[in-house]
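Subject: Structure handover

Hi,

Here is the structure I promised to pass on. Please open it alongside this email, and my notes follow below.

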Amino acid sequence: MKRRIKNYLNSKEKGEYNNLDKILELYISGHIKKLLYKYVGVGIYPNINKLGKTIQLKYNYNNIYVIIDFFEDKYNVVVYYANITANDLNKLFIDYDYQEDFNLEKLIKEIDEKIKNHPKLKDTDVIDKKKKTYSLVAWISLCLPIVICCCIGLYCIITENTVKGNMWWGIFFFVIPLIVWFIFDVKSKK
């Protein structure tokens with residue numbers, strides 16, 4: 001696709017570029033990826049065919065998603081939150097005409113302000129940290145009894161003594177850690 005875009009851009013003089021051509025040039029140079037470096041799930045989808053030329057940008061910040069479609073004569077933007085219904089999403093698409101001083105960097109900064117002020121914005125960093133902590137506790141509870149049993153085994157081999165356990169040892173070393181592991185593993189996946 002990049003070769004097709006380069007051929008298309010080379011067929012025109014720079015002075016003849018429209019706004020879409022300038023955006024396609026930013027895509028070829030890699031400048032769009034640099035503009036969107038702080039976002040997650042960045043997708044850039046150019047399309048050049050007989051029906052027309054377009055480029056779509058998709059990215060998200062925590063639970064807020066953005067789709068920008070650039071066409072030759074206009075562009076549309078939608079900023080929405082995760083789990084929105086399809087009907088509500090269709091209502092959010094807004095068409096814009098290119099201004100004479102159109103600048104992609106300025107547009108992304110404006111959208112960034114919308115994202116930061118969106119009423120449904122959630123800080124998923126805290127949620128991710130909790131999930132990682134739960135996962136860590138789950139694995140520690142699963143591995144700790146194994147390590148303790150290995151240490152007891154090594155002690156018995158080295159000192160040639162025997163260690164006799166009872167039912168409580170089994171509950172303490174196997175049942176309780178498995179229950180703790182199961183609970184925290186489920187919490188880490190929610």
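A word on terms before the findings: a residue is called buried when its relative accessible area is under 20%, exposed when it is over 50%, and partly exposed in between, using a 1.4 Å probe and protein chains only. By that rule, Phe70 and Phe102 are both buried. Please keep in mind that this is a predicted model, where local features need pLDDT of at least 70 and side-chain atom pairs count only at pLDDT 80 or more, while totals for chains, interfaces and linings use all residues. Residues are numbered from 1 along each chain as its sequence is written, and side-chain values use heavy atoms, with hydrogens and water left out.

Let me stay with the aromatic rings. Rings of Phe, Tyr and Trp (for Trp, the six-membered ring) count as a pair if their centres lie within 6.5 Å; planes under 30 degrees apart are stacked, over 60 edge-to-face, and the rest tilted. The count comes to 12 aromatic pairs by this rule. One of them joins Phe70 and Tyr75, which is tilted, with 5.8 Å from centre to centre and 35 degrees between the planes. Tyr75 is buried, as is Phe70. Phe70 also pairs with Phe102: the ring centres are 6.2 Å apart and the planes stand at 70 degrees, so this pair is edge-to-face. It links distant parts of the chain, as Phe70 is in strand 3 and Phe102 is in the loop between strand 5 (94-97) and helix 5, 32 residues apart. Here helices (H or I, at least four residues) and strands (E, at least two) are DSSP runs, numbered from the N terminus. Phe70, Tyr75, Tyr96, Tyr98 and Phe102 together make one aromatic cluster.

Lys2 lies over the face of Tyr27, 5.4 Å from the ring centre, and Lys116 lies over the face of Tyr61, at 4.0 Å.

Next, the interior. A nonpolar core is a set of buried Ala, Val, Leu, Ile, Met, Phe, Trp, Tyr and Cys residues joined through side-chain atoms within 4.5 Å. The largest one has 31 residues, of which Ile32, Ile55, Tyr59, Ile68, Phe70 and Ile111 touch the most other members. Helix 5 gives the largest share of this core, 5 residues. Contact means heavy atoms within 4.5 Å; beyond its neighbours within four places in sequence, Ile32 is in contact with Ile23, Leu26, Tyr27, Ile44, Ile55, Leu57 and Leu104. Another core, of 5 residues, lies apart from it and includes Ile67, Val78, Tyr80 and Ile84.

Which residues of helix 1 are buried? In helix 1 (residues 2-10) they are Ile5, Tyr8 and Leu9. Seen down the helix axis, they fall within an arc of 95 degrees, so they line one face of helix 1 (the arc is that of the directions from the axis to the C-beta atoms). Arg3 and Asn10, on the other side, are exposed. Helix 2 (19-29), strand 1 (40-49) and strand 2 (52-61) are among what covers the buried residues of helix 1.

Asn62 is not a glycine, yet has a positive phi of about 55 degrees. Glu160, also not a glycine, has a positive phi of about 60 degrees. Asn62 counts as buried at 19% relative accessibility, whereas Glu160 is exposed at 70%.

Best wishes

Key:
A charge sits over a ring if NZ of Lys or CZ of Arg is within 6 Å of the ring centre and within 35 degrees of the ring normal.
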